[in-house]
Every structure is written in structure tokens, then in C-alpha cells.
Amino acid sequence: ANFVKDPLFGLFAEKDIDDAVIVDEVLEVLRWFCEGQFKPMQDLLRSQSNVTMGSSYSHGMAALSTVNFLSETILLLSKLEAVISTNTCSVICKALGVLTDVAMDNEENTAYLLRSGDYLRFLS
């Protein structure tokens with residue numbers, strides 16, 4: 001369930017500037033989730049495996065899958081790296097901010113980011 005459009009972003013062309021605004025706003029919401037280094041919310045952005053649906057919600061529904069927003073944000077950065085422009089600068093900064101905030105005072109998320117070759121390559 002990637003929130004990043006493939007292949008390599010028809011997104012962020014001049015005609016698709018609305019897409020850039022939407023991605024920018026989504027990243028801002030992810031940053032808000034990490035305000036105050038609240039570890040349970042930071043962990044939730046990496047994995048929702050500890051979240052269960054009550055029986056009243058799950059009746060007749062397929063099981064929910066987990067989304068790793070850290071890996072999705074790293075994927076976004078790796079795709080934006082190929083199309084850096086004035087349209088993408090704000091999104092790149094927000095994505096880096098999300099990864100910074102989600103790892104702050106959170107050893108598991110920091111370790112996950114350090115294991116990610118793409119994240120480290122992007123920073124160098």
C-alpha cells in the first residue's frame with residue numbers, strides 16, 4: 001500500500017502541483033503525530049501490529065494490513081531524489097523532518113533508519 005505514485009512520479013510536474021500539496025500536507029500530519037516525542041505514536045508510524053480491531057468493526061471485513069510509514073517516507077525521498085526541483089524541495093524537507101521527528105528519542109525507529117541504506121545514502 002504505497003502512498004507514493006509510481007513510476008518515478010508523473011507527480012510534481014507543473015500540471016500536478018495539487019499532488020505535491022497533498023503529499024506535503026500528509027507529511028505535515030505525520031510530523032504532528034510525533035510532536036513531543038510520544039513514543040507510542042512514533043512506534044505506530046513504523047508498525048500497527050499492536051492495534052486490534054474490535055469485533056464490532058471487524059465483522060465481515062478483511063484483516064487490516066500494517067503500513068510502515070518510515071519505509072514509505074524513505075521510498076518517497078528516493079523517488080524525489082531523481083526529480084529535485086522547486087516543486088519538490090518543500091516535500092523533501094518535510095519528509096526529512098518526519099524521519100527526524102519519528103526517530104527522536106526512539107531507539108527502534110532510529111535503528112530502523114540506520115539499517116536503511118536508502119535513507120543513509122540520501123543523507124550523504
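These are my notebook entries on a predicted model of one protein chain.

**Entry: overall fold.** I began with the secondary structure and counted seven helices and zero strands in the protein chain. Reading along the sequence, I wrote the pattern down as α-α-α-α-α-α-α.

**Entry: burial and surface.** Next I looked up how much of the chain is covered. The protein chain has 124 residues, and 35% of them count as buried.

**Entry: contacts along the sequence.** I then took the contacts in the protein chain with a separation of 6 or more, and found that residues 24 or more positions apart account for 66% of them.

**Entry: a nonpolar patch.** Which residues form a nonpolar patch on the surface? I found Val-29, Trp-32 and Phe-33, which together have about 300 Å² of accessible area. I placed Trp-32 in helix α1, which covers residues 17–33. Is Trp-32 buried or exposed? Its relative accessibility is 54%, so I put Trp-32 down as exposed, the cut-off being over 50%.

**Entry: α4 against α6.** My last stop was a helix pair. Helix α4 (residues 69–81) packs with helix α6 (residues 107–115) at an angle of about 35°, and I noted their axes as 11 Å apart. The crossing of α4 past α6 is right-handed. I also listed who makes the contact: α4 brings Leu-70, Ser-71 and Ile-74, while α6 brings Asn-109, Tyr-112 and Leu-113.

Key
Residues are numbered from 1 along each chain as its sequence is written. This is a predicted model: local features need pLDDT of at least 70, side-chain atom pairs count only at pLDDT 80 or more; totals for chains, interfaces and linings use all residues. Side-chain values use heavy atoms; hydrogens and water are left out. Helices (H or I, at least four residues) and strands (E, at least two) are DSSP runs, numbered from the N terminus. Buried means under 20% relative accessible area, exposed over 50%, partly exposed in between (1.4 Å probe, protein chains only). Contact means heavy atoms within 4.5 Å. Patches are made of residues with over 30% relative accessible area and no salt bridge: like charges are joined within 9 Å, nonpolar side chains (Val, Leu, Ile, Met, Phe, Trp, Tyr) within 5 Å. Accessible areas come from the Shrake-Rupley method with a 1.4 Å probe; for residues, only the protein chains shown count as cover. A salt bridge is a side-chain nitrogen of Lys or Arg within 4 Å of a carboxyl oxygen of Asp or Glu. Axes are lines fitted to C-alpha atoms, for helices over the stretch in contact, and angles run from 0 to 180 degrees between N-to-C directions. A crossing is left-handed if the near helix is turned anticlockwise from the far one by less than a right angle, and right-handed if clockwise.
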